[in-house]
Amino acid sequence: MGELTPVQAARLEERRKRFRSFPFFLKIAVLIAFLLTPFLFPSFKTVDFMLKIMIFTVLVASFDILLGYTGILSFGHVMFFGIGAYSVAMLIGKYGSPTYVNLVIGFMIAMGMTSAIALLVSFLSLRVRAIFFAMVTLAIAEFAIILATKLSGFTGGEDGITVNMPGIFKVSFTAGTLLGIEITGRIVTYYLIFLICLALFLLMVRFIHSPLGRVMQAIRDNEPRAEAIGYKTFAFKTSSICFGCLVATILGGLYVMWVGYANPESVLGIPIMLDVLLMVIVGGMGTLYGGLAGAAFLKFAHTFLPDLQKVTKSLFPDAVFLHAIMERWLLIFGILFILVVFFFPKGIIGTLQEYLRGTGFKKPARSAREG
Amino acid sequence: MAGEILKRKGREIVIFSALLLGLLPLAGMDIKTYLTLTIAGFAMGMMLFLVASGLSLIFGLMDVINFAHGVCFAWGAYVAFSVFRYFKKLVEAESLFQNSLVFIIAIVAAILVVGIVGIIVERVLIRRVYGSHLFQILITFGGMVVLTELIRILWGPNDEVMPVPVTFRGNWDIFDIIVLKYPIIAIVLGLFVFGVIQIVLKKTKVGKIVRAGVEDPVMVQAMGHNIYLLFTAVFAVGAGLAAVGGMAMAVFNLQVYPGMGDAYLIFAFIVVIIGGLGSITGSLVGALIVGLSYNYVAFLLPPIAVGVNILIMVVILLIRPTGLFPAGK
Amino acid sequence: MDKAILKVEGVNTYIGQHHILQGVSFEAAADHVTVLLGRNGAGKSTTLKTIMGLLPTSVGKIYYQGKEIQNRKPYEIARMGIGFVPEHMGIFSSLTVEENMQVAMLKEDSETGKRLEMILEMFEALKKFWRMKAGNLSGGQKQMLAIARAIVNDISLLLIDEPTKGLAPIIVNALIDVIHQIKQHTVIILVEQNFYMASSVGDAFYILDDGIVVHSGKMAELVEDKALQGKYLGISKTEG
């Protein structure tokens with residue numbers, strides 16, 4: 001065995017440290033929490049809650065690959081989620097029948113479509129400035145929603161498509177009991193989704209830390225320089241975009257498998273895109289795990305805000321204006337969002353990472369505009 | 001060889017093909033419909049111009065993406081709505097003078113209120129995120145949500161019917177063609193605003209400084225001008241313009257609803273991208289293109305009307321990423 | 001020696017992470033043309049930009065006519081009577097020559113009017129192309145316009161950054177005449193890589209290298225000292 005180069009030695013040391021650090025244990029804890037949820041908290045509401053957090057975590061992470069690691073803001077990300085959802089829904093629902101084969105075909109078709117569109121999208125990003133790109137993706141996303149709604153013959157319009165799952169994923173399926181919990185189709189689906197989400201997430205982490213991923217970050221930080229060094233930035237950007245979009249597509253299909261329907265509002269809507277954006281910022285851009293923090297934070301907020309409203313009402317029964325404001329939880333959200341962007345631009349995870357590194361947190365550097 | 005011709009006669013070719021495309025819809029409809037749609041298209045174009053010109057100028061001068069621009073549009077509409085409600089008598093009077101008076105009051109009120117909102121937004125939110133497009137998008141996006149919700153709080157979450165001054169309603173009958181009165185008024189208003197903007201930009205010192213700033217804001221500063229004050233002023237003016245556009249659109253569509261800013265924001269972006277950043281003429285041309293094509297296609301093939309605009313935008317981005325009339329950036 | 005119009009003391013400037021100026025100190029004396037020399041990347045342009053307030057300085061002071069001006073806003077500094085001709089000239093291409101001058105003029109009084117007249121006498125091309133879009137001017141004419149804009153106001157100090165860059169020798173000579181005229185009533189700090197230009201108009205010099213001043217003195221001495229020229233300015237012994 002030969003001597004290690006300095007880089008190899010550093011990496012080996014890094015790896016050794018990683019498996020013994022606090023963040024690592026935290027991640028394992030979270031993993032175990034997701035794994036055991038159906039057994040610890042068998043109520044459907046909780047399982048549903050956790051599953052949605054799972055899916056959104058990975059979705060936000062895939063968005064972060066584009067935004068935080070490649071430096072590309074695309075408002076069309078949820079559209080790819082929708083493509084996966086609708087494709088699967090159509091193959092096992094409207095235009096096919098609930099079979100395993102159709103399920104797989106649904107995923108395949110979706111991934112094919114996504115690859116094609118993602119290629120077009122990345123070509124566009126090459127031609128235009130970042131801001132134009134963002135606006136164009138926004139316009140295209142809106143257009144996709146309009147298409148889905150208007151072409152009701154094809155897509156089921158506003159009501160969308162409802163499906164039944166095949167075989168062991170069927171809601172009514174049972175396989176006896178294990179540890180006191182009945183193994184229904186739901187549980188099977190939960191674990192399948194859990195496994196795939198985990199796999200996708202690990203894949204993304206691997207991607208980030210791979211040489212390819214590092215080139216991506218070089219491109220994000222200083223593209224002309226990366227090009228000057230000799231990297232074909234276009235190829236790298238394209239692979240990054242395609243990867244992120246494909247993950248989103250797969251998640252869309254998984255989502256349909258769980259909720260059993262696909263309609264414009266739940267898989268394509270702009271509010272979902274905004275949710276994802278909010279989650280990425282709150283969680284932390286450029287840190288895949290931010291997706292977890294962001295998704296959890298938002299889902300908690302969604303679920304418990306109505307309760308907060310009730311509490312405020314009972315504590316201050318006469319403050320009508322306060323009621324009005326609480327009613328418009330979106331307003332609070334908006335203000336919260338602005339505050340987070342101002343004071344915690346690195347998000348929860350990002351700020352935590354800096355804190356753990358001992359550098360304390362800084363406000364974003366405002367670059368002087370130079371002549 | 002073809003490339004040479006294209007370069008030299010480029011402008012003429014574009015204008016020629018534009019005219020050709022403009023007359024194309026005639027193939028699918030009779031001339032009366034064509035004229036009605038054309039007028040509607042021009043009117044919509046003018047209103048889009050009002051919204052887009054502010055956006056274009058703000059981006060051209062300050063390099064700031066403002067997602068909250070659409071909300072200024074909505075606020076303008078709502079302020080006018082309140083003015084019309086308050087001065088009910090003037091709105092319902094049969095006198096052109098009184099109608100025009102209340103219309104002008106509404107315009108002034110809209111510009112003032114939204115202008116002030118614009119100044120507050122610029123100083124509180126935008127100033128902190130100069131230089132980072134991403135954060136501008138995020139911040140102005142948050143601002144958009146907050147301001148939209150404020151509309152819902154102040155005016156209620158429902159759609160409301162927009163009162164229209166009596167003499168502005170109805171139509172004229174010209175050679176058997178029904179010409180609605182209001183679109184013409186909107187077109188005239190739009191052209192008037194365009195004229196005023198051009199005069200200010202070309203003839204006044206401030207206008208020249210703004211144009212210089214669009215090209216090189218740092219140099220303008222180094223020459224002794226307080227660029228930050230200029231930014232705030234331009235932002236407020238841009239917001240005011242959007243407000244007038246919103247008001248005009250509300251009267252056109254006879255309704256106001258809290259989310260009206262969002263829909264038109266997309267249109268405004270499309271117009272700015274097609275027309276070129278920082279160019280008022282570009283905004284006008286882009287707005288007319290969008291307005292006309294939307295109306296024609298909406299009549300011929302309703303579902304893809306928005307899609308056509310997006311298509312045009314993408315095509316133009318691919319051929320000329322800086323838009324039709326880039327302003328020196 | 002007369003009191004210095006401009007004093008720069010220990011100025012440190014960062015551009016992003018890069019520590020460009022590492023403690024620059026020099027003086028620009030009245031009635032002098034002070035030339036900043038040095039290789040590419042030595043920090044000459046950065047120095048001018050820092051004086052002008054276009055770049056923030058973390059450590060150090062800049063005194064203009066006795067007042068501290070470091071880290072003030074550029075437009076305040078300009079209004080205090082400092083003119084700036086940047087490296088890229090900063091011409092507003094879509095504006096006409098006339099409009100460029102109008103944007104430059106901070107006051108509309110008779111003094112400015114007289115100065116404008118004098119400037120147009122000096123730069124005939126500008127008079128000729130008064131209504132033309134500035135973007136259509138030739139390189140040399142653009143440089144003239146850039147200088148004209150900077151001196152039309154009542155300034156005491158003029159900062160010029162590499163005016164001869166990319167210009168033909170005959171234009172360079174014209175520029176030399178112009179600088180000679182301006183220096184009669186304005187203090188000039190000139191950044192130049194073109195030694196011919198520098199030595200023709202300069203009175204005092206400072207050589208910058210790696211963000212600090214490594215040498216200074218009278219221009220006349222530098223012209224004689226070929227060894228020094230070779231060491232810091234990369235001028236080979238066969239050149240002059």
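Lys and Arg count here as positive and Asp and Glu as negative, while His and the chain ends are left out of the count. The legends below describe close-up views of a predicted model.

**View 1. Chain B as a whole, with its charges.** In chain B of this predicted model, the mean position of the 21 positive charges and that of the 15 negative charges lie 9 Å apart. The chain holds 14 helices and 4 strands, and its C-alpha trace spans about 55 × 55 × 40 Å along the principal axes. A compact globule of 329 residues would have a radius of gyration near 20 Å, and the 20 Å of chain B agrees with that. Of these 329 residues, 59% count as buried, and the accessible surface comes to about 13,600 Å², of which 73% belongs to carbon and sulfur atoms. Among the contacts in chain B with a separation of 6 or more, 77% are made by residues 24 or more positions apart.

**View 2. The loop that holds B:G156.** B:G156 is placed in the loop of chain B between helix 7 (133–155) and strand 1 (160–161). This glycine counts as buried because its relative accessibility is 17%, and buried means under 20%. When residues up to four places away in sequence are not counted, B:G156 touches B:I151 and B:P258. Although B:G156 and B:P258 are 102 residues apart in sequence, their C-alpha atoms are 8.4 Å apart in space.

**View 3. Helix 11 of chain A and the residue that follows.** Helix 11 of chain A, made up of the 27 residues 233–259, reaches 39 Å from its first C-alpha to its last, which is close to the 39 Å expected at 1.5 Å a residue. The helix is mostly covered, with 23 of its 27 residues buried. Just after helix 11 of chain A comes A:G260, which takes a positive phi of about 80°.

View 4. Most residues other than glycine have a negative phi. C:D31, although not a glycine, has a positive phi of about 60°, and C:E162, also not a glycine, has a positive phi of about 45°. C:D31 is found in the loop between strand 2 (18–29) and strand 3 (33–37) of chain C, whereas C:E162 has its place in the loop between strand 7 (157–161) and helix 7 (169–182) of that chain. With a relative accessibility of 57%, C:D31 counts as exposed, but C:E162 is buried, its relative accessible area being 9%.

Conventions
Residues numbered from 1 in each chain as written. Chains lettered and ligands numbered in written order. Predicted model: local features only at pLDDT ≥ 70, side-chain atom pairs only at ≥ 80, totals over all residues. Heavy atoms only, no water. Helix = DSSP H or I, 4+ residues; strand = E, 2+ residues; numbered from the N terminus. Rg over C-alpha atoms; globule rule 2.2 N^0.38 Å. Buried < 20%, exposed > 50% of the residue type's maximum accessible area, 1.4 Å probe, protein only. Contact = heavy atoms within 4.5 Å. Areas by Shrake-Rupley, 256 points an atom, 1.4 Å probe, with all protein chains shown as cover. Charge placed at Lys NZ, Arg CZ, Asp CG, Glu CD. Expected span 1.5 Å × (residues − 1).
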